[in-house]
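Let's take a walk through a protein together. Have a look at the picture first, and then we will go through it step by step.

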Amino acid sequence: MKEIIGVIGAGAMGSGIAQIAATHGHEVLVYERNNEVVEKSKMNLEKILNRLIEKTRITSEQKNQIQSLIKFVNGLSEMAGCELIIEAIVENIDVKKKVFSDLDKIVEAECILASNTSSLSIASIGSACSNDQRVIGIHFFNPAPLMPLVEIIPSVATSNETLNRAKKLIDSWNKKTVIVKDTPGFIVNRVARPFYGEAIRIYEEGIADIPTIDQAMKDKGFRMGPFELMDYIGNDINYTVTETVFKEFFYDPRYKPSFTQKRMMESGRLGRKTGRGYYNYAEGSENPKPSEDQKLKESIFFRIIIMLINEAIDALYLNIASKDDLEIAMQKGVNYPKGLLNWANEIGLQKVLDGLNKLKSDYSEDRYRPSFLLKKMAENNQAF
Ligand SMILES: NC(=O)c1ccc[n+]([C@@H]2O[C@H](COP(=O)([O-])OP(=O)(O)OC[C@H]3O[C@@H](n4cnc5c(N)ncnc54)[C@H](O)[C@@H]3O)[C@@H](O)[C@H]2O)c1
C-alpha cells in the first residue's frame, strides 16, 4: 500500500500537488475550508485530465483512478491516517502555525508535516508543533504537475529521517529534488532576484527600453525576458516576493525592490492577467520593437548575468545548497539555459569580478559587492 498523502488547501498549488500524488497511486485526502474552491478544484482537475486524454498521455481508466484517489474531507481530524501532509494554504505565518499545531495533535508520530511556503521560515512553522523534527519545507513550483523542480527545506529542527523520507517520496513522483537551507527565497527565489531587479534598474536609468532589455536576455537563450516574465508571473506576486526577500535579509541593498514595479502593482498593471503590465496584451495592440544595437544588448546581458552569477556564488559560499543543486534549481525551476556557475566558468571568474567591481566603483552601492568566494577563486585562477 502506498502512503496516504494529505493536502491542506485546494487553491492553485494544493490542487496541483493532490493531482501529482494521485497520479502516482497515492490515496490523497484534501482539506479545503472554502466549498467554492473545492468545486473549482474538482472542475479544473476534470478539465486537465480530459486534456491529457486528448493528448493520449493518460487513458480514461487512469483519469477515473486519479479522481477516485482524491477525497475531499471536512476537517483536519480526518487526516489522522496520513503519512505525509503538505500544507498549501494562505501565506500567513499565524494561520499556518495554527494548522500545524492542530495537525501535530491529530496525526501519528511517524507522519511528516510539510509546508509549501514560498517565503516563511520552516523553523517558525515547526515551532508550533511539539514534535518539530517532523516538520519540513517541500516547495513546489507553479504549475506543480508540470514544473520538475521541488526544493526540500529541512529546518534546524528537522530530523535526518524526516528529510530522507520526504526526499525519497518526492523523488518517486518523478520530481527533481534539491536540498536547501532554511533561508529566505530558498534557492530559486533568492538567486533569481537580479534577473528582475537589475533589469528594472537598467530601465530606470534609461540605458535601454523594455523590449531591448528582454531581447538582450532572449538572445542568450532565456525563454522570456525579465519584463515578459514579470508580466507572466504577475507584478503583484513578483513585487511581494521581492519585498519579502528584502525584509527577510535584514534589508540587504542587494535585494532592494524598485518603485517602478511597486507603481505597476499599485496601478493595477499586473501583467497578462489584467491585460496590461510592462506590455499591452489587448487584442490588436502593438508593442515597441527591440533595438538591434548588438553592443548595447551585450552590455545589458553582461550586467544582469554577472549579478545573477554573484548571487549563485554567494549562495554556494554560504552553504545554502550544493553546487549541483544550485545549477539544477535554476535550470529546472525557472528554465535558465545553463547553470550560473557553469556560466561563470565560460565567462571567466576574473571578468565577472571585474564587472562587479566596476559597477561597485561607478555607483558606490553595496548592491554590487562581489561575493568573497568569487574574489578568492578569481585570485587563485580557479573555476567551478
Ligand atoms: N502560487 C504560486 O506560484 C506558489 C508557488 C510555490 C508556493 N506557493 C505557496 O503555496 C501556498 C498556497 O499558494 P496558492 O497559490 O495555492 O494559494 P491559493 O490562494 O490559490 O490557495 C490557498 C487555499 O487555501 C485555503 N485555505 C486558507 N486557509 C485554510 C485553512 N486554514 N484550512 C484549509 N484551507 C485553507 C484557501 O481557501 C485557498 O483556497 C502559499 O504558501 C504560497 O506561498 C505558491
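Which pocket does the space taken by the ligand correspond to? It is the largest pocket. Keep in mind as you look around that this is a predicted model.

Let's begin with the ligand's surroundings. The ligand has 22 residues around it, and the closest are Met13, Glu32, Glu91, Lys96 and Asn116. What kinds of residues make up this shell? You will find 10 nonpolar, eight polar and four charged residues there.

Now zoom in on some individual contacts. At Ala12, a polar backbone atom lies 3.1 Å from an oxygen atom of the ligand. The side chain of Arg33 also takes part: one of its N or O atoms is 3.3 Å from a nitrogen atom of the ligand. How much of the ligand does the protein cover? On its own, the ligand has 840 Å² of accessible area, and the protein covers 77% of that.

To find Pro143, look in the loop between strand 6 and strand 7 (149-154).

Another backbone detail is found at Thr56. This residue is not a glycine, yet its phi is positive, at about 50°. Thr56 sits in the loop that runs between helix 2 (35-54) and helix 3 (60-69).

Finally, let's turn to the aromatic rings. The model has 12 aromatic pairs. One of them joins Phe222 and Trp343, which are stacked with 5.6 Å from centre to centre and 15° between the planes. Phe222 belongs to the loop between helix 9 (210-218) and helix 10 (226-233), while Trp343 belongs to helix 15 (residues 340-347), so this pair ties together parts that lie 121 residues apart in sequence.

Methods:
Residues numbered from 1 in each chain as written. Predicted model: local features only at pLDDT ≥ 70, side-chain atom pairs only at ≥ 80, totals over all residues. Heavy atoms only, no water. Near = heavy atom within 4 Å. Polar contact = N/O pair within 3.5 Å; in protein donor to acceptor, adjacent residues only side chain to side chain. Areas by Shrake-Rupley, 256 points an atom, 1.4 Å probe, with all protein chains shown as cover. 1 Å grid on protein atoms, 1.4 Å probe; cavity = no way out; pocket = protein on both sides within 12 Å on 5 of 7 lines; lining within 4 Å. Sits in = over half its atoms within 2 Å of the grid points. Nonpolar A, V, L, I, M, F, W, Y, C, P; charged D, E, K, R; others polar. Phe/Tyr/Trp six-rings, centres within 6.5 Å; stacked < 30°, edge-to-face > 60°. Helix = DSSP H or I, 4+ residues; strand = E, 2+ residues; numbered from the N terminus.
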